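Hello,

Have a look at the model first, then read on.

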Amino acid sequence: MVADGVDHVAHRHFPDRLIHGAGGALQGSQLADGQLAAGARGKAARIFAGEAHAAQRVIDFGVLDRRYAAGQHHRQSHGTNDYPHRFTLPPSKTDGPLIKLFRTMEMPSLPPANHFRPLHLRLMMGALRSAWSAGVLQPVDLSPERLRAMAEKDTGLTADLSDRALFEDKLAVLLPSLHEEARLTDFGRLVSHGSLLKLMKDRLRFEAIMAEHPEIDRIELAPPVIIVGSMRSGTTRMQRLLAADPGFEALRLYESQSPVPSPDVMRAKAAGRRDPRIAQAGRILKLLVSINPAILQVHPTGPMEVDEELGLLDQSLSSAMIEVQKRIPSFARHAEMTDDTPAYRRLHRLLKLRTWFEGSDPTHPYVLKTPQHMQDIAALNAVFPQSPLIFLHRDPVQLVASGASLAWNQMVIQSDDVDPHWIGREWLHKTRHRLETVSAVRQQIPARRQFDLSFTEVGADWRGAITRTYDFLGRELTPAVLNAMQAYMDRAAREHRHAQHRYRLEQFGLEAGDVRDELSRWTVDAEPLAA
């Protein structure tokens with residue numbers, strides 16, 4: 001066991017966490033694996049109690065302005081953690097360091113990746129390096145045998161049966177790619193280690209819960225409504241609009257990040273306490289935004305905000321965010337050729353688990369969306385053969401530029417060597433590959449299950465777009481539902497009014513004409529049609 005002092009710092013400053021929003025997880029596994037020798041425990045405690053505490057103090061006095069949707073200030077006490085739907089940027093201090101950092105996106109070239117190394121991150125990693133150098137803690141070990149042994153030891157479980165072959169196949173490609181291609185910093189390696197360890201622990205716990213409660217698999221879910229579109233095509237807005245209807249179910253960010261309830265979560269539910277995953281998601285987002293505030297410009301979110309099912313697909317190493325966060329082209333090409341049907345079967349079962357845990361009405365369809373659905377639309381269609389599919393489209397130049405900007409803003413968190421021109425080429429390839437895949441598979445899906453909307457159409461007249469969507473779904477669009485959707489749009493405009501996602505295609509080594517030529521097959525009046 002780790003000494004009490006180290007354990008306290010580990011849980012306070014390096015708790016189990018999933019970094020999403022672009023996705024990986026930072027865990028306290030480095031501090032909680034029980035490998036310290038008895039004589040080294042006091043030394044480790046002094047290292048972390050000093051340097052890690054200093055890091056946390058810097059974060060606590062940072063510049064995040066966390067607010068309720070109604071404008072109330074965030075309150076946090078020992079017994080209560082109330083988080084807003086999304087975190088917002090300070091409406092004042094327009095010349096502060098955050099705003100100056102945002103303006104770098106307007107420059108002809110992007111700042112170097114090591115520009116995003118604030119004091120608290122340097123202190124935090126300095127504490128870890130001190131412990132590694134002193135032999136107090138073992139350096140990050142990304143070997144599959146070590147990760148699995150730690151997961152089994154931490155959980156006391158060994159059975160990992162569902163889609164195990166798919167997971168192991170992907171892991172065998174991912175780990176060398178992380179070592180040889182990703183160019184990770186020590187922080188990036190720590191994040192990768194924690195992410196993979198968390199996935200393995202979640203998989204073990206999932207098997208245990210499903211075995212103990214066979215009634216979960218017997219739940220009959222209504223076919224989900226699935227939004228399919230490229231990254232940055234407006235899928236988030238459409239999902240959150242539909243999720244405003246109480247007749248639909250949707251995942252919150254904290255549920256997507258940690259889709260398998262841990263024993264602590266189970267105990268909290270039994271005792272009537274707040275789900276600890278909510279506070280956990282808040283801490284993660286707070287840390288990420290303190291490193292690169294621009295991620296909230298790219299994807300505004302918060303612990304209670306409706307979000308995509310990335311964390312559920314991540315359980316099978318099938319999440320698109322793995323590729324967004326790290327330069328891993330070998331893994332990306334392998335994933336493009338892999339049949340992800342087992343991953344979507346697991347996704348379906350995880351939705352049943354969430355329905356059971358929350359006591360939700362299984363007749364209320366889930367609203368799902370993630371860019372991964374484009375690449376894996378054949379697997380998606382095989383597992384959800386009755387689901388209505390809403391396809392969103394956007395000008396290809398904007399798709400590639402905005403997607404590349406998202407990837408760059410994620411990669412600089414974990415690497416000091418991020419090549420924006422490589423990201424531009426990669427996201428041009430990813431966009432074309434996904435459009436080609438969707439074009440081929442759509443021909444095999446009945447037309448009655450398909451509906452198309454454009455990014456500009458929804459932006460210009462969301463009410464008209466929603467009315468047509470409800471006609472397609474055969475659902476009644478009531479005044480109460482429209483009012484709820486309007487409330488979401490008002491809240492989104494209010495909370496996001498000071499942030500603007502800025503990017504230029506040229507920053508990623510691409511020209512608009514070349515991108516349009518490359519994707520001309522899917523361009524009709526500046527809207528790419530994946531059909």
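**Starting with one proline**

P176 is partly exposed, because its relative accessible area is 31% (buried means under 20%, exposed over 50% and partly exposed in between, with a 1.4 Å probe and protein chains only). Before going further, please note that this is a predicted model, in which local features need pLDDT of at least 70, side-chain atom pairs count only at pLDDT 80 or more, and totals for chains, interfaces and linings use all residues. Residues are numbered from 1 along each chain as its sequence is written, and side-chain values use heavy atoms, with hydrogens and water left out.

P176 sits in helix 7, residues 164-180 (helices are DSSP runs of H or I with at least four residues, strands are runs of E with at least two, and both are numbered from the N terminus). Leaving aside residues up to four places away in sequence, P176 touches L171 and E181 (contact means heavy atoms within 4.5 Å). L142 is 34 residues from P176 in sequence, and their C-alpha atoms are 9.4 Å apart.

**The nonpolar cores**

The largest nonpolar core has 43 residues, and Y344, L351, L380 and V515 have the most contacts inside it (such a core is a set of buried Ala, Val, Leu, Ile, Met, Phe, Trp, Tyr and Cys residues joined through side-chain atoms within 4.5 Å). Among the elements that each supply at least two residues of this core are helix 8 (186-212), strand 1 (225-229) and helix 17 (341-358). Helix 17 gives the largest share, six residues. V515 touches P396, V397, V400, L428, L505 and L510, again not counting residues up to four places away in sequence. A second, separate core of 33 residues includes M125, F187, L310 and W427.

**Two strands side by side**

Strand 3 (residues 389-393) pairs with strand 4 in the parallel sense over five bridges (two strands pair if DSSP finds at least two bridges between them). Within strand 4, F451 is the bridge partner of I390. Strand 4 covers residues 450-454, and four of its five residues are buried.

**A helix crossing**

Helix 5 (residues 119-133) and helix 12 (residues 276-291) have axes that come within 8 Å and cross at roughly 115°. That makes helix 5 roughly perpendicular to helix 12. At this meeting, H120, L121 and M124 of helix 5 contact L287, S290 and I291 of helix 12.

Enjoy exploring the model!

Key: Axes fitted to C-alpha atoms, helices over the stretch in contact; angles between N-to-C directions. Parallel < 35°, antiparallel > 145°, perpendicular 65-115°, else oblique.
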